[in-house]
Amino acid sequence: MIVKRFYLFAGAAAVALTGVSGTALAQKFDREVHIAGFGAKSGVVRSFGVNTEGMMRAAADKINAGGGIKLGDGKMGKVVVTFYDDRCRAEEGISVIRRIASGKFVVAVGPTCSNVAEPLFGILQKTVDDKSDSGLQFPIFTDTAIKGGLAKISAWAFRNVPNETEMYKNLFAWVKKKWPNLKTVYGGVEEDFAHSRFTWYKVMDKQAKAAGFKVLGRAKWLLADTNFTTQVRAMKKAKADIISISSHPFTLCGLLKEMRRQRVKYKVLIGLTSSSSMETLQGCARQAKGIIIPTSFAPVTAAAKEASAGGAKYKASADLHSAAAWENMMVLKQVMESKGVMAKAGTIQADRRKIRDGLAALKNTQGLIGSIKRHKSGEATKPFVYVHAQGKEWKILHDPNK
Amino acid sequence: MDYVQAIVDGLLFGAVYALIGIGFTLIFGVMNKINMAYAAASFAGAYVSLGIAQVVGLSGDFGLPPFVMFLVSAVAGGVFAYIVYLICFRFTPDHYELASLMATIGTLLMVDEMVVQATNGEPQNYPEVLQGIFDNPMLEFSEEFAIRGDLLTLFIVAVIATLGLLWVLFRTKLGLATRAVAQQRMAAQLCGIRVDRTNATTFVIAGVLGGLAGAMIGAVVGTLLQSLVVIPLTIKGLIVTVIGGLGSIPGAIVGGLMVGAFENVFLAIRGVTERDMYVMLLLFVFLAFRPQGLFGRVAVRD
Amino acid sequence: MDFYFGMLQIVGLHTILGLSAYIILLTGQVSMAQAGFMSIGAYIAGMLTVLAEMHLIPAMLIGGVAAALVACIVGFPALRVKGLMLVVATIAFGEFIRIFWFNFDYQISRGGVKLGPEGGEGFKQIRFFPENGWSTLDVAIFIWVVAGAVIAAVWWMDRSRAGKVLRAVGEDDLAAQSAGINLTVVKVSAFTAGGFIAGLGGSVYAHYTTHIEHLNFDIVMATFAIIYPILGGLSNVFGTILAVIFVQVFLLEVLRPLGDLRNLLFGAMIIVVMNFMPHGLFSAQVASRIKGVFSGRKEGANA
Amino acid sequence: MLEVNDIVTAYGKIEALKGVSLSVPEGQITVLLGPNGAGKTTTLMSVAGLLKPKRGSVTFEGQDITGRQPGTIVQRGIALVPENRLVFPDMNVHDNLKTGAYVRNDNEIESDIESIYERFPRLKERYHQHAGTLSGGEQQMLAVARALMARPKLMLMDEPSLGLAPMIVEEIFRIIHDLNQEGTSIFLVEQNANMALKIAHQFYLLEQGLVTFSGTPGDMDENEVIQRAYLGTTA
């Protein structure tokens, strides 16, 4: 795998260096609609950027194959995606969004990291038409950065990420119903990763208690930790019925392996929605067996399967994060068509405003696995299913909508 | 009993720090310079062994037996260390240590990103071959006290590797040359020792050790994830080197075990978020009261 | 245009950061704690404008002074350890400060909203600029007024006797000491000045990003701080500025479309420069050669 | 035996030797005198291969050795006892001696060490001690002994009396004299002109990178030699 990737990477490098530029405008389109994507394509969470970019391109291909976007004057626009790397660092994210806002782009999809999204939304104008606020007026439709409540920072920020509070509220209630004799929960949290931390303290912990469970304690570790003996020992002593872990695959696997080594006994294992990814299965499929995770993406519908296949062409895997990028593209097409975006050189600022207003006015959109409810705050409530790790893949355990 | 357990766990994991610390200290001892890319290059060696294992498969009909993985990693570690020597030390000015320092930082960043590109930043499963040595991965002495078999194995291998290194240093002509260059470079030259060759050899030895350490750490952790492991381990390795005394191999070993035990105790007392703060404090205590470290010589000169 | 103003902001910020390391490097000390000093300025100034609703300028000064105080305290033990030991010590100190912020909670409730640093979740909504209606250009100008003041101060210091003293200590501290220079005063002053500048930079940085968290001030940021002056050569402040422009504008921004490859190029560039131009891209020799070209005279033997 | 022809050696742009020529005959003690900074140590380093002359040549027993690796030069039979001893401080005396024989591959090294111990009984007493803990005089003996381990035909010695007590200095000069009697040629750099002239067969005076005088100890008024060796021709 490493070796293969390396060749790929070398090939990509050669292509990039020889300066192959974008494709020529095909005859049947009248204009181009530029959508920017941005996120981490280098550094630890490079896979987020790779997957998001692939899914965006796949979605653009699908839109273009269907004739493109119908513009305000009846002409057809071709969707063109440009993707920028922000290395998952706040200052670079700000730089990238300024670059995007200075260009021909009508909207941006990104970023992939919560710690970029938060400062980024901070530089946007807080309320629309507030003359005293000099913030950037540019619509952003986030797919991956998932930490709770970010979109309310600005009226220009929208997210299509799952509402974790809903997901875990539902999950704990379901667990309570299904195994009525389970009483206690022990947590695990990756303390220095914004999303993991938020989800444990503000979501899992609260929802577990709300569902009537007793939270006995929590194990804490850091993103860079490799040794979990002490934490797991405390976890073992607590003898909780349910173990609920809020962490990314990087440390989830290490922790699960240590739990197995120390033979920690539990009845139910719950994971963070972000860890329902390929990494977990590649890293520790055996130890993660049975872990229950709520996720807003699984290839259960025809649309989801199609999106998955489309992303595969770009070597992107569709997961709960990147699938949102596909959905975002489809939603944007719908918004642009209903609002009559012109995609002319002189209409960029007006187009952006139309897209913002369009996104703000949406109440419902069609997602890959069902209907997505949109809120005034810019956030969404997405349908979700519970999956569990079985062998080399995620299988649907339960679909709360049915 | 909890604290005994925490100390024992920490001591065992401290062997990892000790191995990294030995590499830093060996190179520092000979060249009086820090090789910031040491840990990165060592882990790159472990990645090579993993890459080869992914191609030919592990243990299968034509697959790699586990010890071959370690060997491959050690060899690759040596090769990378030599490359680091060439690009960061061989041609940079000798008396201007900033140049080699910056070059190794550049290499650290580059190696880090190369692995990210090769793996998409995804963690790579490293076969936990050390676990197979004991039937049960844990040696349970009682309900309260247990030792991880693979960590114990790593600890033992680390001790053996260190003894081997000491044998090379104190019983071979190569070791004589290495010590001579470390202690008095000009006199070593006058005795006919080629300083550049000795430096390069020391790098290779440290790299072989590092490659071995990288593979064993991979096997113990079960995962290789460059970006998350390398910089933290580089920092811990440097701290161990200073605490042990720059250039002192016994110092690196004792320092490594000490830091391992110390941080685990503070993890148990104060929690993970404050743990590293106390490790830094330990370093500052040393800098203030014993700047030469545990086994260092006299004054701290650059 | 916004983008170019944004670029100006970044270059200004990083110039301040680079110059904070420049002063300390002149005395021959490598400080990897600049990101830490910067974080002190960032958190304190942020808390003053957000929690105490102070104006940015006094908040910045207080942030700078706080960072200077801490740097001064670090400067004393730094006298005991030199060279490469100092590298390790300052890396550890920078990490120490970072972990401190990671554990630091201080929030107040205003209008039902909690404000202030919240440990690992960071310190959000430091919105002095947009709330006061500063445009991107306004902010860019403001940053450059600060950066310009720092550049002028460091440039003037460099040309004055103080600069000669710093350089003398950097070249050979024992010789400088025997020439009657008080090493304690010089080294601690350099650390303090470097800390002040970094704190000032951090104060602006916090308001520029509107959200800070401990991970912003990691070892990568600390490395950036020393890379600028070293790449730029330590002969004068302009080398540092050129290096910032080279790294931030060319490597990161112009090459952004290369995406994946930029980080590799960055590392490779450092290696190449250190091998072929170890004294930096704009060292004294290069500078005098350029000057020579412009004034039409050949490089003198004493260049 | 050793011929130095018009060598120029520079540190960067500063020329420390501006064309030095001298010759060291076999079996004799040749002394190089001169004030600080005249280039004496530079001359020895240029011969021993630690510095590469920009111009000129160095020949030893008729073969050109200019700019060769120090190891090659040691193998040819020239050993340098450096200024300030420069023993290996954290190695014991025995290992220091073994390092001196680094270029040799024969199996007489241990027996040579034994004969060194016979010559320097004090080193034998301290054979397991770290060299850094020896006294100045003992370190100087160790430095000489280490150089002998290479079995040199010519020994270059850089200020062996520096910083030693007068009694020790006498002992060192006696050793130099004995070595010469046993057939080793000596090329000695000294500040202590008094002592050096007592054992020298011939001497050179080096001032500001140039040889300004050569002859035998009787050729120049001793007071003038001493004057110029310490202060140079400032008058």
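Start with the aromatic rings: across all chains of this predicted model, a search of the whole structure finds 35 aromatic pairs.

Select B:F24 and B:Y38. Their ring centres are 5.4 Å apart with 65° between the planes, an edge-to-face pair. B:F24 sits in helix α1 (residues 2–31) of chain B and B:Y38 in helix α2 (residues 38–56) of chain B, so the pair links parts of the chain 14 residues apart. B:F24 is buried because its relative accessibility, 4%, falls under 20%. B:Y38 is buried too, with a relative accessible area of 2%.

Go next to chain C and select C:F224 and C:F266. This pair is stacked, because the planes lie at 15°, with the ring centres 5.3 Å apart. C:F224 belongs to helix α10 (residues 219–232) of chain C and C:F266 to helix α12 (residues 262–276) of chain C; 42 residues separate the two. C:F224 is buried at a relative accessible area of 5%, and C:F266 is buried at 6% relative accessibility.

Stay in chain C and select C:Y43, C:F100, C:W101, C:F104, C:F123, C:Y205, C:Y208 and C:F217. Ring pairs join these residues into a cluster.

Return to chain B for a helix pair. Select helix α3 (residues 66–90) and helix α8 (residues 195–221) of chain B; their axes are 6 Å apart and the packing angle is about 135°. The two helices are therefore oblique to each other. The crossing of α3(B) past α8(B) is right-handed. Residues to show at the contact include B:F70, B:G77 and B:Y85 from α3(B), and B:N199, B:F203 and B:G211 from α8(B). The residues of this contact comprise 15 nonpolar, six polar and two charged.

Note on methods. Residues are numbered from 1 along each chain as its sequence is written. Chains are lettered from A and ligands numbered from 1 in the order in which they are written. This is a predicted model: local features need pLDDT of at least 70, side-chain atom pairs count only at pLDDT 80 or more; totals for chains, interfaces and linings use all residues. Side-chain values use heavy atoms; hydrogens and water are left out. Axes are lines fitted to C-alpha atoms, for helices over the stretch in contact, and angles run from 0 to 180 degrees between N-to-C directions. Helices (H or I, at least four residues) and strands (E, at least two) are DSSP runs, numbered from the N terminus. Angles under 35 degrees count as roughly parallel, over 145 as roughly antiparallel, 65 to 115 as roughly perpendicular and the rest as oblique. A crossing is left-handed if the near helix is turned anticlockwise from the far one by less than a right angle, and right-handed if clockwise. Contact means heavy atoms within 4.5 Å. Ala, Val, Leu, Ile, Met, Phe, Trp, Tyr, Cys and Pro count as nonpolar, Asp, Glu, Lys and Arg as charged, and the others, Gly among them, as polar. Rings of Phe, Tyr and Trp (its six-membered ring) pair if their centres lie within 6.5 Å; planes under 30 degrees apart count as stacked, over 60 as edge-to-face and the rest as tilted. Buried means under 20% relative accessible area, exposed over 50%, partly exposed in between (1.4 Å probe, protein chains only).
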